Amino acid sequence: MSEPARRATSLIGSRRRGRTAYDVSMALTFRTLRSDELRTFQRMVDQSFLSDTKDDRLERWRGMFEPDRHHAVFDGDELIGGGGIQTRHMTVPGNGPQPCAAVTSVGVKPGHRRRGVLTRVMTGQLHGLFEDQREAFAALWASEAAIYPRFGYGLAAEFTRLDVPRGAAFRPGVEVDGTRIREVSAEEALPLVKEIYERLRPTRTGWLSRTDAHWEHHLADQEDDREGLTAFRYAVHPQGYAVYRVKSDWRERGPRNELHVRTLAAENDQAYAALYRYLLDLDHVGEVKYFTASDDPIVHLLDDARLALRARTDSLWVRLVEVDRALSLRRYLSDVDVVLDVTDAFCPWNQARWRFTVKGGEASVRRVDDAPDVALDVQALGAAFLGGTRLTTLARGQRVRELTPGTLNGLSHAFLGDHEPHCPEVF
Ligand SMILES: CC(=O)SCCNC(=O)CCNC(=O)[C@H](O)C(C)(C)COP(=O)(O)OP(=O)(O)OC[C@H]1O[C@@H](n2cnc3c(N)ncnc32)[C@H](O)[C@@H]1OP(=O)(O)O
């Protein structure tokens, strides 16, 4: 183990009876949770999000709760902040699902903020992952975009808020699979939905593995989950499905209901077009709204592309916990051989020069003393990891520096995927 790595590891503190525990100051202590502490933890999260704790939601979280992967800070006996990790697999470019630490439920109670509590939690998570040789990368959805870059997370994927008016016509020549789409109950739809999701997942960058508890959370449909909309409707096709809710809006000139798509997926382009067509043609609908992938093809299906209003927002933030292990998990578009000079203030074991060589799509990454070709922070590598953010764009944003002229374009190209990364669920 390198000297920086040893120093970082010593920050982790002692391990007692399988749980990490150490004093972070005279008053604050830090440890992982016990299985009976979900309610206390979830209360803290709800308070930090300015929401109430609901019992049925608590029960849903129980199925996903991994106490030994939840870190918390206590002020005396009071749990004042913390964050969790879900053990998931995320599909990466060209190499299917790979272990991913899916970071979730981060919060600090109002009144305890800006005392370094989140910093303790992030240290516990990331240094713990490294110490235990767990997932080589972590991902999260950020409540606010300014929070996570300081901990080495880079903006790796975006989603599109899409808004298309009812009846928007497809271009002549678009093939729509004519098989009838049926509206069925959740019980009837779910086996098909899960089967199709599993068939698609290995090739869809950003998609996550789901246990039954994750599915239940994703399609939760209690009154409280609906935010004034209807229950979920399930529209199924033999090769695809759409799940949506409706927000009622009746006007003087007639119904202008909003159709909110939760998820739409299909195994081929004709079935995808058929499901869109079905939703766009539903009577009483004014607009179809969907938080979809940033490269959703709808704009190319429509006769009038401008009918699809689109706004892009950050979705996944990715952190390479171990640069060499993480970069080796995915495949790359083209051959390359460059030395990366990586800075990483928060996880110093990554701060080094790495020779990054790709042959036939496969990467080898090794520590070297050679002169660097490209200098970048670990944030930029996280941003590029899923192929959603170009290194050349990051260079224009002054986050990447080309030191050897002519090396950056090839490197940037190698990192691209064959589609934009997209995570169809907030975790
Ligand atoms: C994956 C998820 O779950 S995302 C959800 C994140 N949680 C929330 O948004 C809930 C509401 N907010 C909170 O609970 C808290 O404000 C948190 C968790 C965002 C921050 O917790 P704190 O304990 O106050 O953070 P901490 O004191 O460790 O701050 C570390 C640094 O981040 C900065 N920082 C913290 N929160 C923010 C923020 N919201 N925006 C910008 N900077 C921030 C601090 O100023 C500090 O900077 P410094 O090192 O230059 O002094």
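Here is a short chat about two annotated residues and one other residue in a predicted model.

Biologist: What should I know before I start?

Modeller: It's a predicted model, where local features need pLDDT of at least 70, side-chain atom pairs count only at pLDDT 80 or more, and totals for chains, interfaces and linings use all residues. Residues are numbered from 1 along each chain as its sequence is written.

Biologist: Which residues does the "active site" annotation cover?

Modeller: Tyr148 and Phe427, according to an unreviewed UniProt entry. UniProt positions use the numbering here, feature names are shortened, and annotations may be inferred rather than shown by experiment.

Biologist: OK, where is Tyr148?

Modeller: In the loop between strand E7 (137-141) and strand E8 (154-155). Strands (E, at least two residues) and helices (H or I, at least four) are DSSP runs, numbered from the N terminus.

Biologist: Is Tyr148 buried or exposed?

Modeller: Buried, because it has 25 C-beta neighbours inside 10 Å. The cut-offs count other C-beta atoms within 10 Å, placed from the backbone: 20 or more is buried, 12 or fewer is exposed, and in between is partly exposed.

Biologist: And Ala145, buried or exposed?

Modeller: Ala145 is exposed, because it has 12 other C-beta atoms within 10 Å. Ala145 is found in the loop between E7 and E8.

Biologist: Switching to Phe427: where is that one?

Modeller: Phe427 is in the segment after helix H12 (408-415).

Biologist: Which residues is Phe427 in contact with?

Modeller: Leaving aside neighbours within four places in sequence, Phe427 contacts Gln86, Ala102, Thr104, Trp141 and Leu208. Contact means that the C-beta atoms, placed from the backbone, lie within 7 Å.

Conventions: Contact = placed C-beta atoms within 7 Å.
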